[in-house]
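Please read them with the structure open.

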Amino acid sequence: MTTTAYARELADFLRNRRSRLRPEDLGLVPGPRRRVAGLRREELALLAGVSTDYYLRLEQGRDVRPSDDVLTGIARALALNAEETRHLRALARRAQRPPKPRRRTRETVPESIGRLLHSLHTPAVVVSRHLDLLAWNDLATALYPGIGPGNALIDMFTHAETHGRCTGWRETVLDYLGFLRAAVAADPEHPRAQEIVGTLSIRSEEFRKLWARHDVRESVHGSKTFQHPQVGELRLDWDAYSPPGRTGPILIAYTAAPGSASAERLSLLAALGDRRS
């Protein structure tokens, strides 16, 4: 891994967030000759309390080492929320001190995680940091007819039937993109990350648009609505669990609120699965 890759990720994030700001939102007069949609670099630098040349070097991915105060000023000038500010600081930290090169190995499911997966009485899957599906239990098979090895994000964008199974398609996609964005920020040159982004960039215009936004999410839980052909609609909460001190794999479990219609339908789904077994 090189410093350039980490600095490029930081530079792309800064440019994207600057382009989203409108001068009038910050009390600035747009002017008749403005040719950029967002703030100019010199305007952002002024608001952040740094020189234009310094900020320019940041956006060009050149060797700079912003202090905490500088990052605070930039985050404030860009109107970043708490998640985005943490992301900015993490990118800057890695750009300054890239992690030592490490041997990349194929992610596998630890034996203990596998036992936990199959002991759960609710649908659950194990995914890699890049959202490759590594393992699943019987209820996940019942919930996702045809489940098998693949990549969850690629499936969401390239398989039309996924839209039918998942009512909140866009919200789920944004959560998944958040997972992948965190993985890319941690290791921009990982071959699997580059392969997934490259594949989807070619195959999906919608992915290209959403990925270019550099949206940041620290999602570890959420909800998802499924349309199942046999039991009907299930609204399930999902929670993601990562092993302490590791970036993957991730266990994702789906549960229903006790006493809800979805809980009854989940029980029916389990019974149908037992009958088929």
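1. Is Arg17 buried or exposed? Arg17 is buried, its relative accessible area being 3%, where buried stands for under 20% relative accessible area, exposed for over 50% and partly exposed for what lies in between, with a 1.4 Å probe and protein chains only. The model is a predicted one, in which local features need pLDDT of at least 70 and side-chain atom pairs count only at pLDDT 80 or more, while totals for chains, interfaces and linings use all residues. Residues are numbered from 1 along each chain as its sequence is written, and side-chain values use heavy atoms, with hydrogens and water left out.

2. As to the overall make-up, the protein has 13 helices and six strands, these being DSSP runs numbered from the N terminus (H or I of at least four residues for helices, E of at least two for strands). Of its 277 residues, 46% are buried. Taking contacts (heavy atoms within 4.5 Å) between residues at least 6 apart in sequence, 56% join residues at least 24 apart.

3. The side chain of Arg17 forms a salt bridge with that of Glu84, at 3.2 Å from N to O; the pair links distant parts of the chain, with Arg17 in helix H1 and Glu84 in helix H5, 67 residues apart. A salt bridge here is a side-chain nitrogen of Lys or Arg within 4 Å of a carboxyl oxygen of Asp or Glu, and by this rule the count comes to 15. Glu84 also counts as buried, at 11% relative accessibility.

4. Two other salt bridges lie within single helices. Glu111 and Arg115 meet at 3.2 Å, N to O, and both belong to helix H6 (residues 111-119), where they are four residues apart, about one turn of the helix; both are exposed. Lys209 pairs with Glu205, their closest N and O atoms being 3.5 Å apart, and because these two are four residues apart in helix H12 (residues 205-212), about one helical turn separates them. Lys209 is exposed, at 54% relative accessibility. Elsewhere, salt bridges that share partners join Arg18, Arg41 and Glu59 into one network.

5. Helix H1 (residues 3-20) also holds Glu9, which is buried, with a relative accessible area of 8%. Apart from neighbours within four places in sequence, Glu9 is in contact with Leu91, Arg181, Val184, Ala185 and His214. Arg8, also found in H1, is partly exposed at 46%; Arg8 and Leu58 are 50 residues apart in sequence, and their C-alpha atoms are 9.1 Å apart in space.

6. In helix H3 (residues 52-59) the buried residues are Tyr54, Tyr55, Leu58 and Glu59. They cover an arc of only 135 degrees around the axis and therefore sit on the same side of H3, the arc being that of the directions from the helix axis to the C-beta atoms. After H3 comes Gly61, with a positive phi near 70 degrees.

7. The largest pocket has a volume of about 580 Å³, and of the 25 residues lining it, the closest to its centre are Gly178, Phe179, Ala182, Ala183 and Arg217. On a 1 Å grid over the protein atoms alone, a pocket is an open set of points with protein on both sides within 12 Å along at least five of seven lines, a cavity is a set where a 1.4 Å probe fits but cannot get out, and lining residues have an atom within 4 Å of a point. Points are joined across faces, edges and corners, and a volume is the space filled by probe spheres set on them. H10 gives the most to the lining of this pocket, with seven residues.

8. The search of the whole structure finds three cavities of 30 Å³ or more. The largest cavity holds about 80 Å³ of space, and its lining includes Arg181, Trp211 and His214; H10 gives the most to that lining, with four residues. The second largest cavity holds about 60 Å³, with Asp175, Phe179 and Trp238 among its lining residues, and the largest share of its lining, four residues, again comes from H10.
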